[in-house]
Amino acid sequence: MHEMSVALHLLAQLEALAEEHGANAVTEIELSVGALQGVVPEALDLAFSAAAEGTIAGGATLVITEVSAEALCRACGQAFSPDVGCYVCPSCGAADARITQGNEILLTSLECKCSEDN
Ligand SMILES: [Zn+2]
């Protein structure tokens, strides 16, 4: 399940960040998910809740923002929205496009609680 590996990767990232900032609980996470990742937000939310149980991010709210896919044709410079796995330029038909957006998963915001006795 793709979403579970994304969730586990995210969790590892959160634990490292929380440790770095001396936080003892993560309460809210905002994530930008590119359309080309093929991640289903509901499935990621479920996978994350399951994976985070008992960890520093247990019970944290996951806010997912989907980012649409954008590509730029290298041949004619046309910007277009590609479908997953199909990057043919609608203007000139070249299959030589650069993905400019929608191919990443980014942690955009993190809220955590710091312990008060340190
Ligand atoms: Zn083109």
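Which residue of strand 5 is the bridge partner of C73? I looked it up, and A97 is the bridge partner in strand 5.

**Ground rules**

I am working from a predicted model, where local features need pLDDT of at least 70, side-chain atom pairs count only at pLDDT 80 or more, and totals for chains, interfaces and linings use all residues. Residues are numbered from 1 along each chain as its sequence is written. My helices (H or I, at least four residues) and strands (E, at least two) are DSSP runs, numbered from the N terminus.

**Entry 1**

3 strands make up an open sheet here, in the order 4-3-5, with antiparallel pairing. Strand 4 and strand 5 are at its edges with a single partner strand each, so one side of each has no neighbour in the sheet. I count strands as paired if DSSP finds at least two bridges between them. Strand 3 (residues 70-73) is joined to strand 5 (residues 97-101) by 4 bridges, and to strand 4 (residues 79-80) by 2 bridges. On the strand 4 side, I found A71 opposite F80.

I also checked the hairpin of strand 3 and strand 4, which has 5 residues between the strands. There G77 takes a positive phi near 85°.

Then I asked myself which residues of strand 3 sit on the covered face. They are A71 and C73, while E70 and L72 are on the uncovered one. I noted the general rule beside this: in a regular strand the side chains alternate between the two faces of the sheet.

Strand 1 (residues 23-34) and strand 6 pair in the antiparallel sense, over 9 bridges. L31 has L107 as its bridge partner in strand 6, and E30 stands opposite S109 of strand 6.

How many of the 10 residues of strand 6 are buried? The number is 0, so strand 6 lies largely in the open. For burial I used C-beta atoms placed from the backbone: 20 or more others within 10 Å of a residue's own make it buried, 12 or fewer exposed, and anything in between partly exposed.

**Entry 1: the two helices**

Helix 1 (residues 2-20) and helix 2 (residues 41-52) pack at an angle of about 50°, their axes 8 Å apart. The axes are lines fitted to C-alpha atoms, for helices over the stretch in contact, and angles run from 0 to 180 degrees between N-to-C directions. The two helices are therefore oblique to each other; angles under 35 degrees count as roughly parallel, over 145 as roughly antiparallel, 65 to 115 as roughly perpendicular and the rest as oblique.

I listed the residues that make the contact: E3, M4, V6, A7, L8, L10 and L11 from helix 1, with A43, L44, A47, F48, A51 and A52 from helix 2. Contact here has C-beta atoms, placed from the backbone, within 7 Å.

**Entry 2: two loop residues**

Last, I visited the loop between helix 2 and strand 2, where I found E53 and I56. Is E53 buried or exposed? It counts as exposed because it has 10 C-beta neighbours inside 10 Å. I56 has 18 such neighbours inside 10 Å, so I56 is partly exposed.

I56 touches L14, E15, A18, N24, A25 and V26, leaving out residues up to four places away in sequence. I56 and N24 are 32 residues apart in sequence and 6.4 Å apart in space, C-alpha to C-alpha. For E53 and Y87 I wrote down 34 residues in sequence and 39 Å in space, C-alpha to C-alpha.

Conventions:
Contact = placed C-beta atoms within 7 Å.
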